[in-house]
Amino acid sequence: MKKIAIIGGGIIGLTLANYLDSTKFEITLFDEGIGQATGASAGIISPWLSKRRNKKWYQLAKDGAAFFPKLIQDLKLDETIYSACGTLLLREQTGLLSLAELAETRKKEAPEIGDIQLLSAEQTQVYLPLLKPAPALYVSGGGRLDGRAYLAHATKQAEAHGVTIIREKAIIQSGDTHWQVQSATQHLEADLIAVTAGPFVKPLLEKLAYQVDIRPQKGQLLAFDTPFKESHHWPVAMLDGEADLIPFMNGKILLGATHENDGGWDLTPTKEAFTQLVSGTHHFLENPELFSKQTPNYFVGTRAYTSDFAPFFGPLEETLVVASGLGSSGLTTGPYIGYLLANYFNETTWQTEHYQKPIDTYIKKTC
Ligand SMILES: Cc1cc2nc3c(=O)[nH]c(=O)nc-3n(C[C@H](O)[C@H](O)[C@H](O)COP(=O)(O)OP(=O)(O)OC[C@H]3O[C@@H](n4cnc5c(N)ncnc54)[C@H](O)[C@@H]3O)c2cc1C
């Protein structure tokens with residue numbers, strides 16, 4: 001049996017671990033947990049109305065969203081982890097009309113977008129009573145994924161599937177015949193390596209003489225416990241501006257998220273994030289004071305960005321696979337990327353030109 005080491009147990013690494021053929025491979029996943037984006041994420045799965053012009057990224061994000069029914073079935077995800085709750089978009093009336101047109105066009109190739117409805121101000125409030133009456137666009141196919149719950153569940157599934165999980169930081173060195181993986185208490189000689197470490201791919205690959213185009217971005221999110229026990233019936237609200245409102249189970253409401261380029265690797269929760277996110281939702285709420293007097297839990301994580309904001313994933317060498325740069329849409333694209341990487345190892349199939357530029361656009365050998 002060949003030995004595979006996965007370095008990084010966010011959404012890509014844990015999904016990959018679950019889809020690898022455990023009759024062919026002995027699988028060990030190393031995860032330090034620090035800075036993880038998946039555990040800090042907002043959970044919005046709704047890529048179709050993005051105005052990004054990158055066609056390859058859109059193809060990947062669209063297929064990533066379409067992959068969810070298979071993921072739900074294969075990993076047995078229940079409603080506490082993923083819910084097709086629908087998405088509301090709040091904009092000025094002219095913006096809504098052009099978004100509705102875009103949605104109809106994109107639905108031709110992405111039927112999973114579901115029903116598309118322009119809502120009156122009163123209808124919007126029926127869909128999500130926390131909002132004050134305002135017109136909105138509703139798409140029924142949008143969903144929410146609880147990143148923390150997904151990781152906890154995927155960890156249990158992976159362990160039942162025979163994966164060994166080591167909660168330690170690892171480093172990789174190349175050896176004469178095998179990759180050498182070292183953590184505080186473990187040493188592993190691996191035939192195959194997957195580096196799925198978010199922005200930390202940069203220091204990991206630098207040790208193997210690769211230069212990586214990746215930078216860290218700090219993201220903060222506020223999680224409020226509210227008395228609204230019906231919250232799991234409500235759709236996600238993508239508001240105009242930086243803040244979105246994401247209702248989860250049992251009255252848990254997330255407000256997110258900041259995009260702090262200057263924050264880089266920093267993981268400190270800040271008052272400025274509270275002010276930005278609470279004031280960003282203020283104008284849209286029926287009760288503008290709803291969040292301003294409560295103390296939330298903070299989630300802080302580090303997103304990974306390339307210079308052109310597009311992800312990269314796949315073989316760098318025949319036995320070394322990497323994936324990173326998922327930016328702010330990695331909950332949407334990450335599970336599908338993990339699945340594609342597993343297919344590479346299980347069946348050695350790899351055809352992803354329609355999803356990304358060649359990997360040497362982002363990673364270059366330095367000697
Ligand atoms: C605040 C916030 C909100 C977001 N909201 C959304 C959203 O609504 N929708 C959406 O689609 N996306 C969202 N994202 C983006 C998404 O969360 C990320 O793109 C995605 O989770 C990245 O997954 P990953 O597996 O590549 O990396 P990560 O989840 O960052 O996991 C990498 C793991 O590798 C570990 N690691 C690093 N180095 C080592 C090492 N040497 N040894 C062992 N382990 C190591 C890290 O500790 C970490 O646990 C959000 C992100 C943030 C921060």
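Okay everyone, into which domains is the protein divided? There's domain 1 (2–38 + 148–213 + 308–365) and domain 2 (70–145 + 216–305), with bounds from an automatic or database domain assignment. Quick housekeeping: this is a predicted model, where local features need pLDDT of at least 70 and side-chain atom pairs count only at pLDDT 80 or more, while totals for chains, interfaces and linings use all residues. Residues are numbered from 1 along each chain as its sequence is written, and side-chain values use heavy atoms, with hydrogens and water left out.

So, the two domains. Their centres, taken over C-alpha atoms, are 29 Å apart.

Now the ligand. It is surrounded by 37 residues, and the closest are D31, T38, I44, A170 and T332; to be counted, a residue needs a heavy atom within 4 Å.

Let's look at some polar contacts, which are pairs of N or O atoms within 3.5 Å. T332 puts a polar side-chain atom 2.8 Å from a ligand oxygen. From the backbone, an N or O atom of A37 sits 3.0 Å from an oxygen of the ligand, and one of S329 sits 3.3 Å from a ligand oxygen. The protein covers 97% of the 1000 Å² of accessible area that the ligand has on its own, using the Shrake-Rupley method with a 1.4 Å probe.

Definitions and conventions:
A polar contact is a pair of N or O atoms within 3.5 Å; within protein, one must be able to donate a hydrogen and the other to accept it, and residues adjacent in sequence count only if both atoms are side-chain atoms.
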